[in-house]
Amino acid sequence: MVRKICARCGRPEEPGRPFIGNLCLECYLEEKGVAKLPGEIEVTICPRCSSLRVQGAWLPPEGSVEETLRAAVEAEILSKAKPNPEVREIWVENIVVGMEDRNRGVARVLLGARFHRGIEARYEAIIPLRVKHVLCPSCLRKAGRAYEAILQLRGEDGRLSDDERREVSRLLRRLPRHLYDTIGEVEEKREGLDLKILDQASARSIASKLRSRLAAKVVETHKVVGRRGGKAKVQTTILVRIPRIREGDIVIYKDRPAVIKGISGNRIILEEAGGRRTSLSGEEFWESGGLEIVCEKEVKVLMVTAITRDLIYLLDMDNYSTLDIPLSKARLAGTLKPGDKVKAVMRSGELHILGKI
Ligand SMILES: [Zn+2]
Ligand SMILES: [Zn+2]
(Lines give C-alpha, C1' and ligand atoms only; values in the text may rest on other atoms or scores of the structure.)
(Ligands and ions follow the chains in the order given, each with its own letter.)
Protein backbone atom coordinates (compact mmCIF):
# COMPACT_ATOMS: atom_id res chain seq x y z
CA MET A 1 0.00 0.00 0.00
CA VAL A 2 1.29 3.44 -0.92
CA ARG A 3 1.63 5.64 2.13
CA LYS A 4 -0.41 8.81 1.84
CA ILE A 5 1.07 12.26 2.41
CA CYS A 6 -1.19 15.02 3.80
CA ALA A 7 -1.91 17.59 1.09
CA ARG A 8 -1.88 20.35 3.71
CA CYS A 9 0.87 19.66 6.22
CA GLY A 10 2.95 17.10 4.31
CA ARG A 11 3.06 14.55 7.11
CA PRO A 12 2.65 10.86 6.23
CA GLU A 13 -0.15 8.54 7.21
CA GLU A 14 0.83 6.38 10.16
CA PRO A 15 -0.75 4.76 13.19
CA GLY A 16 -2.25 7.55 15.30
CA ARG A 17 -2.51 9.84 12.28
CA PRO A 18 -5.49 8.61 10.28
CA PHE A 19 -6.42 10.18 6.96
CA ILE A 20 -9.74 11.44 5.65
CA GLY A 21 -9.33 11.61 1.86
CA ASN A 22 -6.03 13.34 1.11
CA LEU A 23 -5.78 15.15 4.47
CA CYS A 24 -4.63 13.99 7.87
CA LEU A 25 -7.43 14.07 10.46
CA GLU A 26 -5.99 17.14 12.19
CA CYS A 27 -5.83 19.16 8.97
CA TYR A 28 -9.21 17.87 7.89
CA LEU A 29 -10.82 19.14 11.08
CA GLU A 30 -9.08 22.48 10.79
CA GLU A 31 -10.17 22.89 7.18
CA LYS A 32 -13.64 21.43 7.21
CA GLY A 33 -14.80 20.85 10.76
CA VAL A 34 -17.25 18.00 11.02
CA ALA A 35 -20.50 19.62 9.92
CA LYS A 36 -22.02 22.78 8.57
CA LEU A 37 -23.34 24.48 11.70
CA PRO A 38 -25.82 27.32 12.15
CA GLY A 39 -24.08 30.71 12.26
CA GLU A 40 -26.17 31.75 15.23
CA ILE A 41 -28.60 30.00 17.53
CA GLU A 42 -31.73 31.76 18.64
CA VAL A 43 -33.56 30.50 21.68
CA THR A 44 -36.86 31.70 23.09
CA ILE A 45 -37.28 31.25 26.79
CA CYS A 46 -39.98 32.22 29.27
CA PRO A 47 -38.51 34.64 31.82
CA ARG A 48 -40.88 33.42 34.52
CA CYS A 49 -40.76 29.63 34.41
CA SER A 50 -37.82 29.04 32.01
CA SER A 51 -39.96 27.03 29.59
CA LEU A 52 -38.50 26.79 26.17
CA ARG A 53 -40.15 27.43 22.83
CA VAL A 54 -39.08 24.85 20.30
CA GLN A 55 -40.60 25.07 16.84
CA GLY A 56 -43.69 26.84 18.07
CA ALA A 57 -44.36 24.56 21.05
CA TRP A 58 -43.52 25.34 24.65
CA LEU A 59 -41.58 22.67 26.54
CA PRO A 60 -41.28 22.57 30.33
CA PRO A 61 -37.95 23.71 31.81
CA GLU A 62 -35.07 21.32 32.36
CA GLY A 63 -33.78 22.34 35.76
CA SER A 64 -31.88 25.63 35.86
CA VAL A 65 -31.97 28.27 33.15
CA GLU A 66 -28.51 27.18 32.10
CA GLU A 67 -29.56 23.57 31.72
CA THR A 68 -32.57 24.72 29.73
CA LEU A 69 -30.34 26.78 27.45
CA ARG A 70 -28.00 23.82 26.97
CA ALA A 71 -30.93 21.58 26.04
CA ALA A 72 -32.14 24.21 23.57
CA VAL A 73 -28.71 24.55 21.96
CA GLU A 74 -28.41 20.78 21.67
CA ALA A 75 -31.83 20.50 20.01
CA GLU A 76 -30.91 23.29 17.55
CA ILE A 77 -27.54 21.75 16.71
CA LEU A 78 -28.96 18.27 16.15
CA SER A 79 -31.76 19.56 13.94
CA LYS A 80 -29.74 22.08 11.92
CA ALA A 81 -26.20 20.71 11.64
CA LYS A 82 -25.39 19.14 8.27
CA PRO A 83 -22.61 16.58 8.72
CA ASN A 84 -19.82 16.62 6.11
CA PRO A 85 -20.11 13.90 3.42
CA GLU A 86 -17.22 12.00 5.02
CA VAL A 87 -18.92 11.96 8.41
CA ARG A 88 -21.12 8.97 9.23
CA GLU A 89 -22.51 10.27 12.51
CA ILE A 90 -22.22 13.29 14.80
CA TRP A 91 -23.27 13.74 18.39
CA VAL A 92 -23.03 16.40 21.06
CA GLU A 93 -20.57 15.61 23.83
CA ASN A 94 -20.75 18.79 25.85
CA ILE A 95 -22.16 22.31 25.74
CA VAL A 96 -21.05 25.27 27.79
CA VAL A 97 -23.21 28.36 27.60
CA GLY A 98 -21.76 31.75 28.56
CA MET A 99 -24.05 34.78 28.61
CA GLU A 100 -22.62 38.22 27.95
CA ASP A 101 -25.85 39.90 28.92
CA ARG A 102 -29.49 38.92 29.18
CA ASN A 103 -29.91 38.53 25.43
CA ARG A 104 -26.54 37.57 24.06
CA GLY A 105 -23.97 34.93 24.70
CA VAL A 106 -21.99 32.13 23.12
CA ALA A 107 -22.36 28.38 23.15
CA ARG A 108 -19.19 26.29 23.11
CA VAL A 109 -20.27 23.03 21.58
CA LEU A 110 -18.04 19.96 21.72
CA LEU A 111 -19.06 17.62 18.94
CA GLY A 112 -18.07 14.03 18.44
CA ALA A 113 -17.92 12.63 14.93
CA ARG A 114 -17.45 9.17 13.46
CA PHE A 115 -15.86 8.67 10.05
CA HIS A 116 -15.39 5.48 8.03
CA ARG A 117 -13.27 2.66 9.44
CA GLY A 118 -14.27 3.66 12.96
CA ILE A 119 -12.18 6.87 13.00
CA GLU A 120 -13.51 9.22 15.66
CA ALA A 121 -12.79 12.87 16.35
CA ARG A 122 -13.78 15.69 18.68
CA TYR A 123 -14.45 19.15 17.37
CA GLU A 124 -15.25 22.34 19.28
CA ALA A 125 -17.46 24.98 17.70
CA ILE A 126 -18.23 28.40 19.18
CA ILE A 127 -21.63 29.65 18.12
CA PRO A 128 -23.19 33.02 19.01
CA LEU A 129 -26.37 32.67 21.00
CA ARG A 130 -29.35 35.01 21.10
CA VAL A 131 -31.93 34.57 23.82
CA LYS A 132 -35.38 36.05 23.41
CA HIS A 133 -37.50 36.44 26.49
CA VAL A 134 -41.19 35.92 25.92
CA LEU A 135 -43.76 34.90 28.50
CA CYS A 136 -45.19 31.46 27.81
CA PRO A 137 -48.99 31.22 27.50
CA SER A 138 -49.33 29.58 30.90
CA CYS A 139 -47.36 32.29 32.69
CA LEU A 140 -49.22 34.93 30.76
CA ARG A 141 -52.47 33.35 31.94
CA LYS A 142 -51.16 33.08 35.48
CA ALA A 143 -50.25 36.71 35.39
CA GLY A 144 -53.88 37.16 34.41
CA ARG A 145 -53.14 40.07 32.18
CA ALA A 146 -50.87 41.46 29.58
CA TYR A 147 -47.99 43.79 30.38
CA GLU A 148 -49.03 46.79 32.39
CA ALA A 149 -45.98 48.92 31.85
CA ILE A 150 -43.21 49.63 29.42
CA LEU A 151 -39.89 50.76 30.76
CA GLN A 152 -38.03 52.75 28.12
CA LEU A 153 -34.32 52.99 28.79
CA ARG A 154 -32.65 55.82 26.92
CA GLY A 155 -29.39 57.77 26.98
CA GLU A 156 -28.79 61.30 28.20
CA ASP A 157 -29.40 62.89 24.84
CA GLY A 158 -31.50 60.18 23.28
CA ARG A 159 -29.69 57.09 22.17
CA LEU A 160 -28.36 54.51 24.61
CA SER A 161 -24.75 53.67 23.74
CA ASP A 162 -23.44 50.10 23.61
CA ASP A 163 -21.54 50.63 26.87
CA GLU A 164 -24.67 51.93 28.54
CA ARG A 165 -26.68 48.96 27.24
CA ARG A 166 -24.15 46.60 28.77
CA GLU A 167 -24.12 48.41 32.07
CA VAL A 168 -27.90 48.53 32.28
CA SER A 169 -28.15 44.82 31.43
CA ARG A 170 -25.67 44.09 34.21
CA LEU A 171 -27.73 46.07 36.70
CA LEU A 172 -30.95 44.41 35.61
CA ARG A 173 -29.46 40.96 36.11
CA ARG A 174 -28.63 41.91 39.69
CA LEU A 175 -32.23 42.85 40.47
CA PRO A 176 -33.94 40.77 43.14
CA ARG A 177 -35.53 37.70 41.61
CA HIS A 178 -39.12 38.85 42.19
CA LEU A 179 -38.44 42.01 40.17
CA TYR A 180 -36.32 40.40 37.49
CA ASP A 181 -39.08 37.88 36.85
CA THR A 182 -41.54 40.62 36.03
CA ILE A 183 -39.50 41.61 32.98
CA GLY A 184 -41.20 40.03 30.03
CA GLU A 185 -40.02 40.90 26.57
CA VAL A 186 -36.93 43.00 26.07
CA GLU A 187 -36.98 44.85 22.82
CA GLU A 188 -33.66 46.13 21.50
CA LYS A 189 -34.31 49.33 19.66
CA ARG A 190 -31.93 51.69 17.93
CA GLU A 191 -32.55 54.34 20.57
CA GLY A 192 -32.41 52.02 23.58
CA LEU A 193 -34.14 49.16 25.33
CA ASP A 194 -37.86 48.71 25.87
CA LEU A 195 -38.70 46.40 28.75
CA LYS A 196 -42.23 45.09 29.04
CA ILE A 197 -43.11 44.69 32.68
CA LEU A 198 -45.96 42.62 34.06
CA ASP A 199 -47.18 45.08 36.63
CA GLN A 200 -46.94 48.78 37.25
CA ALA A 201 -45.55 48.54 40.78
CA SER A 202 -42.61 46.41 39.67
CA ALA A 203 -41.92 48.74 36.75
CA ARG A 204 -41.76 51.67 39.18
CA SER A 205 -39.58 49.73 41.52
CA ILE A 206 -37.09 48.85 38.76
CA ALA A 207 -37.08 52.48 37.57
CA SER A 208 -36.41 53.70 41.10
CA LYS A 209 -33.45 51.33 41.44
CA LEU A 210 -31.98 52.68 38.19
CA ARG A 211 -32.56 56.19 39.48
CA SER A 212 -30.76 55.48 42.71
CA ARG A 213 -27.85 53.62 41.09
CA LEU A 214 -27.31 55.80 38.02
CA ALA A 215 -29.01 59.09 38.90
CA ALA A 216 -31.40 58.37 36.04
CA LYS A 217 -34.28 60.70 35.29
CA VAL A 218 -37.65 58.97 35.53
CA VAL A 219 -40.78 60.25 33.81
CA GLU A 220 -44.04 58.32 33.99
CA THR A 221 -46.91 58.72 31.53
CA HIS A 222 -50.25 56.96 31.19
CA LYS A 223 -52.37 56.20 28.20
CA VAL A 224 -55.78 54.59 27.92
CA VAL A 225 -55.33 51.73 25.47
CA GLY A 226 -58.79 50.21 25.59
CA ARG A 227 -61.69 49.22 27.76
CA ARG A 228 -62.52 45.94 29.37
CA GLY A 229 -65.93 45.55 31.01
CA GLY A 230 -66.45 49.29 31.12
CA LYS A 231 -63.12 49.79 32.88
CA ALA A 232 -60.42 51.80 31.18
CA LYS A 233 -57.30 49.79 30.42
CA VAL A 234 -54.28 51.94 31.09
CA GLN A 235 -50.78 51.42 29.83
CA THR A 236 -48.00 53.04 31.80
CA THR A 237 -44.82 54.11 30.10
CA ILE A 238 -41.85 54.92 32.26
CA LEU A 239 -39.04 56.72 30.51
CA VAL A 240 -35.70 56.24 32.25
CA ARG A 241 -32.94 58.53 31.01
CA ILE A 242 -29.43 57.53 31.98
CA PRO A 243 -26.68 60.15 32.45
CA ARG A 244 -23.61 59.79 30.31
CA ILE A 245 -21.21 60.32 33.23
CA ARG A 246 -19.34 57.37 34.73
CA GLU A 247 -17.10 56.88 37.72
CA GLY A 248 -13.65 58.32 37.01
CA ASP A 249 -14.85 60.87 34.45
CA ILE A 250 -13.56 64.39 34.88
CA VAL A 251 -16.39 66.90 34.62
CA ILE A 252 -16.91 70.62 35.10
CA TYR A 253 -19.05 71.38 38.14
CA LYS A 254 -19.64 75.01 39.10
CA ASP A 255 -16.90 76.08 36.66
CA ARG A 256 -14.32 73.80 38.24
CA PRO A 257 -12.99 70.42 37.16
CA ALA A 258 -13.89 67.52 39.44
CA VAL A 259 -13.68 63.75 39.31
CA ILE A 260 -16.80 61.59 39.54
CA LYS A 261 -16.14 59.33 42.52
CA GLY A 262 -19.37 57.41 42.28
CA ILE A 263 -23.14 57.50 42.12
CA SER A 264 -25.29 56.15 44.90
CA GLY A 265 -28.67 56.88 46.39
CA ASN A 266 -29.43 59.16 43.45
CA ARG A 267 -26.47 61.37 44.35
CA ILE A 268 -23.43 62.03 42.22
CA ILE A 269 -20.30 62.29 44.33
CA LEU A 270 -17.53 64.56 43.06
CA GLU A 271 -14.02 65.36 44.19
CA GLU A 272 -12.42 68.66 43.31
CA ALA A 273 -8.73 69.45 43.20
CA GLY A 274 -7.58 69.76 46.78
CA GLY A 275 -9.59 66.67 47.69
CA ARG A 276 -12.78 68.49 48.63
CA ARG A 277 -15.80 66.22 48.17
CA THR A 278 -19.16 67.48 47.13
CA SER A 279 -22.28 65.91 45.71
CA LEU A 280 -25.33 66.78 43.73
CA SER A 281 -28.65 65.02 43.48
CA GLY A 282 -30.01 63.48 40.28
CA GLU A 283 -32.60 66.26 40.17
CA GLU A 284 -29.94 68.97 40.39
CA PHE A 285 -27.97 67.19 37.69
CA TRP A 286 -30.90 67.12 35.25
CA GLU A 287 -32.09 70.63 36.08
CA SER A 288 -28.64 72.04 35.38
CA GLY A 289 -28.65 70.39 31.98
CA GLY A 290 -26.07 67.74 32.89
CA LEU A 291 -22.37 68.00 33.50
CA GLU A 292 -19.81 68.81 30.84
CA ILE A 293 -17.33 65.94 30.55
CA VAL A 294 -13.76 67.16 30.07
CA CYS A 295 -12.49 65.55 26.90
CA GLU A 296 -9.58 63.13 27.06
CA LYS A 297 -7.32 65.58 25.20
CA GLU A 298 -7.72 68.22 27.88
CA VAL A 299 -6.67 65.91 30.69
CA LYS A 300 -2.92 66.07 31.19
CA VAL A 301 -0.83 63.36 32.77
CA LEU A 302 1.99 65.12 34.59
CA MET A 303 4.90 64.17 36.78
CA VAL A 304 5.99 66.43 39.61
CA THR A 305 9.69 67.20 39.21
CA ALA A 306 10.14 69.76 41.97
CA ILE A 307 8.23 71.98 44.38
CA THR A 308 9.72 75.19 45.73
CA ARG A 309 8.21 77.75 48.07
CA ASP A 310 6.19 79.33 45.33
CA LEU A 311 6.47 77.16 42.20
CA ILE A 312 5.60 73.65 41.17
CA TYR A 313 7.56 72.10 38.31
CA LEU A 314 5.92 69.43 36.22
CA LEU A 315 6.76 67.26 33.24
CA ASP A 316 4.04 66.56 30.68
CA MET A 317 4.19 62.79 30.15
CA ASP A 318 2.66 63.06 26.67
CA ASN A 319 5.19 65.32 25.02
CA TYR A 320 7.88 65.70 27.73
CA SER A 321 7.51 69.46 27.82
CA THR A 322 8.03 71.14 31.18
CA LEU A 323 5.65 73.37 33.06
CA ASP A 324 6.29 75.66 35.97
CA ILE A 325 3.21 76.98 37.70
CA PRO A 326 3.08 79.45 40.59
CA LEU A 327 1.59 77.64 43.57
CA SER A 328 -0.99 80.42 43.74
CA LYS A 329 -2.28 79.23 40.35
CA ALA A 330 -2.26 75.53 41.16
CA ARG A 331 -4.92 73.63 43.04
CA LEU A 332 -3.30 70.58 44.54
CA ALA A 333 -4.69 67.32 45.79
CA GLY A 334 -3.03 66.50 49.10
CA THR A 335 0.71 66.69 49.47
CA LEU A 336 2.80 66.04 46.43
CA LYS A 337 6.44 65.13 46.15
CA PRO A 338 8.83 64.85 43.21
CA GLY A 339 8.15 61.69 41.22
CA ASP A 340 4.38 61.72 41.80
CA LYS A 341 2.30 61.28 38.66
CA VAL A 342 -0.97 63.17 38.58
CA LYS A 343 -3.96 63.87 36.38
CA ALA A 344 -4.60 67.55 35.85
CA VAL A 345 -6.79 69.94 33.94
CA MET A 346 -6.00 73.57 33.05
CA ARG A 347 -9.06 75.73 33.51
CA SER A 348 -9.31 79.54 33.56
CA GLY A 349 -5.61 79.97 34.11
CA GLU A 350 -5.41 77.55 37.02
CA LEU A 351 -3.97 74.08 37.07
CA HIS A 352 -6.36 71.68 38.82
CA ILE A 353 -4.56 68.58 40.03
CA LEU A 354 -7.14 65.87 40.38
CA GLY A 355 -5.34 63.17 42.22
CA LYS A 356 -2.37 60.87 41.85
CA ILE A 357 -2.25 58.02 39.37
ZN1 LIG B 1 -2.11 17.37 7.75
ZN1 LIG C 1 -43.64 30.45 31.66
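Colleague: Buried means under 20% relative accessible area, exposed means over 50% and partly exposed lies in between, with a 1.4 Å probe and protein chains only; what is the relative accessible area of V134?

Modeller: This is a predicted model, in which local features need pLDDT of at least 70 and side-chain atom pairs count only at pLDDT 80 or more, whereas totals for chains, interfaces and linings use all residues. Residues are numbered from 1 along each chain as its sequence is written, chains are lettered from A and ligands numbered from 1 in the order in which they are written, and side-chain values use heavy atoms, with hydrogens and water left out. V134 sits in the loop between β10 and α3 (137-143), where helices (H or I, at least four residues) and strands (E, at least two) are DSSP runs numbered from the N terminus. V134 counts as buried because its relative accessible area is 18%.

Colleague: Leaving aside neighbours within four places in sequence, with which residues is V134 in contact?

Modeller: Contact here means heavy atoms within 4.5 Å. With neighbours within four places in sequence set aside, the partners of V134 are T44, I45, C46, P47, W58 and E185.

Colleague: Where is R102 placed, and which residues does R102 touch beyond those up to four places away in sequence?

Modeller: R102 belongs to the loop between β8 (89-99) and β9, and its relative accessible area of 6% is why R102 counts as buried. Not counting residues up to four places away in sequence, R102 touches P47, V131, H133, R173, Y180, I183, G184 and V186.

Colleague: How many bridges pair strand β9 with β10?

Modeller: Two strands pair if DSSP finds at least two bridges between them. Strand β4 (residues 41-45) runs parallel to strand β10 (residues 120-133) over 5 bridges, with T44 opposite K132 in β10. Strand β9 (residues 104-114) is paired with β10 in the antiparallel sense, where A113 faces A121, and the hairpin has 5 residues between its strands, R117 taking a positive phi near 50 degrees. The number of bridges between β9 and β10 is 11.

Colleague: Which arrangement do the 4 donor atoms make around the zinc ion (ligand 1)?

Modeller: Donors are N, O and S atoms within 2.8 Å of the metal (3.2 Å for Na, K and Ca), and since water is not among the atoms, sites may look incomplete. The zinc ion (ligand 1) is coordinated by the SG atoms of C6, C9, C24 and C27 at 2.3 to 2.4 Å, and these donors follow the spacing C-x2-C-x14-C-x2-C along the chain. Four donors count as tetrahedral if all angles lie between 85 and 135 degrees, four count as square planar and six as octahedral if opposite donors are over 155 degrees apart and all others between 65 and 115, and anything else is irregular. The angles of 102 to 116 degrees between the 4 donor atoms therefore make the arrangement tetrahedral.

Colleague: What is the count of disulfides?

Modeller: A disulfide is a pair of cysteine sulfur atoms within 2.5 Å. By this rule the number of disulfides is 0.

Colleague: Against which strands do the buried residues of α1 pack?

Modeller: In helix α1 (residues 25-32) the buried residues are L25, C27, Y28 and L29, and C27 counts as buried because its relative accessibility is 5%. The helix is followed by G33, with a positive phi near 65 degrees. The buried residues of α1 pack against β1 (19-20), β2 (23-24) and β10.
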